[in-house]
Amino acid sequence: MSETKTFVPYPEVPDAQGNFGDYGGSIIPPQLKAVMDEISQAYEEIRRDPAFIEELQTLYTHFVGRPSPIFHARNLSEHLGGAEIFLKREDLNHTGAHKINHCLGEALLAKKLGKRKLIAETGAGQHGVALATAAALMGLECDIYMGEVDIAKEHPNVVRMKILGARVIPATHGRKTLKEAVDAAFEAYLKDTDSQMYAIGSVVGPHPFPMMVRDFQSVVGREARGQMMEMTGRLPDALVACVGGGSNAIGLFTAFLNDPGVAMYGVEPAGRSYERGEHAATLTLGKPGVIHGFKCYLLQDEQGQPEEVYSIASGLDYPGVGPEHSFLKDLGRVQYHAINDLEAVDAFFQLSRREGIIPALESSHALAYAAKLARELGRETSILVNLSGRGDKDVDFVVEHYGKKYITLD
Ligand SMILES: *Cc1c(COP(=O)(O)O)cnc(C)c1O
C-alpha cells in the first residue's frame, strides 16, 4: 500500500462575508445588505447559545419526531446484488420531509429577533407548507408568495398552507411561476423589514442563509453518523442525496466531510433530456454565475440570465445551486451526477414494491443513483441514502403519467 493520497481536512466555511471559496457571498442592493447583516449578526450570537440549541433540539424531538430512524433496505440490497443500502428516513418527519428542520430554525430565529411575520416564496408548495407549519407552532404570521400558475397546479399544498393559517399571495406577472414569486416576496419584504423575516427554503440566497440552513439541517448527518456506527460498527462507504438547492444533501454530508473513507454523491435531475430547458443539472452543465444574491454554478444563457429549468420532481428544478456544493464540486470532495425522469420513476416504484416505502420523486433521484453505485461498489460495502421526503404528494401524478408501465388497472 504505497499509494496513499494525503487527505486535506475540510476548511471552516464560509468566511465572515459568506464566501465558500469563490462562491456564495452577498451580491445584493445596500438596503437588503443591511437587513441580511442584521440577520447574520443575530444568528452569530444565537448559533452557539445553549438555550437556543436546546430549544431547537426539543422541537426536533417532540414536534418533528427526531431522531429519524435509519432503515436497512435488505430486500433492495439483495435484489441489486451489491452494496448494502441504508436509508435515512427524513420522510418520517412531521410534514413528511427534511424541510421542517430548517423552517423551525428560521422561525425560532425570527421569534428571537422580535419579528411578527415570516415571508417566503414557494414553487410546488413544499417550502410553503413547512414554513406555514413552523409559523403556526410559533405564533407567527406567514405570507407565502406563489405564482398563479403554480397555485392552480399545486392545489393540495395551497389548501394545507391555508388550513395552517398562512396567507397564499399569488404572483400575477410574467410567467407567474417561482421566479415571479421570488420577485413579489422580496418586494413585499423590503417594504417592512422590521416586523417581517424572509425565510429561504434551501442552502441558497445571500449570506447568512446558505450557512444557517446548513447548520439547521446538519442534525441529519450528526444523527446518521452515530446511527450507522451503532448499526454496522463502521461508517458508510458512500453517501447519496438529491440536490435541488442542496439542503438535504449538505445536511447529510456535513458530519462526514472529514472522514476520508466516506465518498459522497449529489444527484441532480437530468429531466427529459440535456436540451436547454429540459433539465436542472446545474453542477453537471452549469457555469459559475450569479442568481438571487449569491454566486454558484448556474444554468444561464449568453447574457448570464438564469435559464428555464425542468424536472419531474418540482423540488429539484432550480437553475442555481447552493454555494457550498459549488465549492465541494471544485474541491472534488463530492461527485455530482444526474438522473433522468424515467430512472427516477423506476426507483420510485422499486422502493415502493421492494420495501413498502413510497419515496418523494426528489428522493427517487438519489435512490436511482444509489442503485447504480451499489453495483459498482459491490458486496461488503454500504451506501447511506438520504430519503429526503415521502411520496404521497406525487402518487396521483406518477400513476396518471407513468402508471401504465407499472400498474395493471382492471
Ligand atoms: C424541496 C425538496 C428537495 C430539494 O431541496 P434541497 O434543498 O436540495 O434538499 C428534496 N427532497 C424533498 C422531499 C423536497 O421537498
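Analyst: Let's start at the ligand: one of its nitrogen atoms lies 2.7 Å from an N or O atom in the side chain of Ser 388. This is a predicted model, where local features need pLDDT of at least 70 and side-chain atom pairs count only at pLDDT 80 or more, while totals for chains, interfaces and linings use all residues. Residues are numbered from 1 along each chain as its sequence is written, and side-chain values use heavy atoms, with hydrogens and water left out.

User: Which side chains have an N or O atom 2.6 Å or 2.8 Å from an oxygen atom of the ligand?

Analyst: The general idea is the polar contact, a pair of N or O atoms within 3.5 Å (within protein, one must be able to donate a hydrogen and the other to accept it, and residues adjacent in sequence count only if both atoms are side-chain atoms). Here, Lys 99 has such a side-chain atom 2.6 Å from a ligand oxygen, and Asn 248 has one at 2.8 Å. Taken alone the ligand exposes 380 Å², and the protein buries 98% of that; such areas come from the Shrake-Rupley method with a 1.4 Å probe, and for residues only the protein chains shown count as cover.

User: How many residues surround the ligand, and how do they divide into nonpolar, polar and charged?

Analyst: A residue counts as near if one of its heavy atoms lies within 4 Å. The ligand is surrounded by 17 residues, and the closest are Lys 99, Ser 202, Gly 246, Ser 247 and Ser 388. The shell has four nonpolar, eleven polar and two charged residues. For these classes, Ala, Val, Leu, Ile, Met, Phe, Trp, Tyr, Cys and Pro are nonpolar, Asp, Glu, Lys and Arg are charged, and the others, Gly among them, are polar. Domain 1 (19-61 + 99-213) and domain 2 (66-96 + 218-406) each provide at least three residues of the shell, with bounds from an automatic or database domain assignment.

User: What lines the largest cavity?

Analyst: That cavity has a volume of about 30 Å³, and Leu 76, Ala 347, Gln 350, Leu 351, Leu 367 and Ala 371 line it. Two or more lining residues come from each of α14 (341-355) and α15 (361-377). The lining has five nonpolar, one polar and no charged residues.

User: Which residues does a cis peptide bond join, with omega about 10 degrees?

Analyst: His 207 and Pro 208 are joined that way. Pro 208 sits in the loop between β8 (196-198) and α9. The bond from Val 13 to Pro 14 is also cis, with omega near 0 degrees.

Conventions. On a 1 Å grid over the protein atoms alone, a cavity is a set of points where a 1.4 Å probe fits but cannot get out, and a pocket is an open set with protein on both sides within 12 Å along at least five of seven lines; lining residues have an atom within 4 Å of a point. Grid points are joined across faces, edges and corners, and a volume is the space filled by probe spheres set on the points. Helices (H or I, at least four residues) and strands (E, at least two) are DSSP runs, numbered from the N terminus.
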